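Open your viewer and load the model. We will go from the whole chain to a few places inside.

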Amino acid sequence: MKSTNYFISLLFFLCFAIIIPSTFIACEKEDQLEEPRRELAIELESARLKVGQDIVLKPIFSNYSKQQEYVWEVSDPAVLEVSSVSASYDATITAVGEGTATATIRTKDGSQEASTTIQTDLIKETEVSIPATITAHTQSTVSIVPEFNLVDVPARSYSWTSNPEGIISFETDPNTYAVEIQGLVAGTTELTITSGDGEVVGSTTVTVVDDNSATDGVLKILAIGNSFSEDAIEYYLYGLANAADQEIVIGNLYIGGAELSQHVANANSNANSYSYRKVGLT
């Protein structure tokens, strides 16, 4: 009887010793199982671009269905934009500004989505080149087109100033910062272009030649008008010039009672409709 009980106890112990390790092994294998693959992902989790560059993001579908519709969007349109999306939902993402944003593809019902984080960097110019000197005139304009290093289009904002003022006037192109200069009076001024943050500066010396002062010292004026120009130019202006000892020659093309619109029409049709009178040196 004792031998029988001993045999049963030994058998029970052996079974227990086999079952317990097997249970632990099964648990350990279960812990080592990989996470199930997501239904939607993107090949790149992160990327870095320079402003103006683009990248193609390719989605990965684990269970693609033609019946399911997908859309792309960006978290910050000032940093990224979706330039195009192919039939296979590959998206071209373009960096349009500096910063960090995400590009996300998701199902229209919102049940699946995946994102790529993209950091963008803006390349900024560090120098500007303009002529060291320039000559401007009182009867014509001259232009300066600044050249910036590192970029085709300047990334910084700029403004032009002249010192002393009153010698020239100028107009600035807001995109290229080219400046068109008109001389006002004879003299010299320093024309300077400066970035809004003060990091980039360039200057040129502008010398203005007074085209009204010919080598003979005679001021020449051509007027186009009506009887008012006859009074104002031929009599009053001529009299003022004489009082100031300024030699002057006035040519006056006029039509009595003509309005500005008539002068425009005459100019467009090259009409021979004017009377001409010259006042001054003969």
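Predicted model: local features only at pLDDT ≥ 70, side-chain atom pairs only at ≥ 80, totals over all residues.

Helices (H or I, at least four residues) and strands (E, at least two) are DSSP runs, numbered from the N terminus. Residues are numbered from 1 along each chain as its sequence is written, and side-chain values use heavy atoms, with hydrogens and water left out.

Now colour by burial. Of the 282 residues in the chain, 30% are buried (under 20% relative accessible area, 1.4 Å probe, protein chains only).

Next, select Leu57, Trp72, Ile93, Ile105 and Ile118. They have the most contacts inside the largest nonpolar core, which has 21 residues. Such a core is a set of buried Ala, Val, Leu, Ile, Met, Phe, Trp, Tyr and Cys residues joined through side-chain atoms within 4.5 Å. Among the elements giving two or more residues to this core are β1 (40-42), β5 (70-74) and β9 (113-121).

Zoom in on Ile105. What does Ile105 touch? Its contacts (heavy atoms within 4.5 Å) include Leu40, Phe61, Trp72 and Tyr89, not counting residues up to four places away in sequence.

Finally, show β3, β7 and β6. These three strands form an open antiparallel sheet in the order β3-β7-β6. Strands pair if DSSP finds at least two bridges between them. β3 and β6 (80-85) are the edge strands, each pairing on one side only. Four bridges join β3 to β7. Click Leu57: its bridge partner in β7 is Ala91.

Methods:
Buried < 20%, exposed > 50% of the residue type's maximum accessible area, 1.4 Å probe, protein only.
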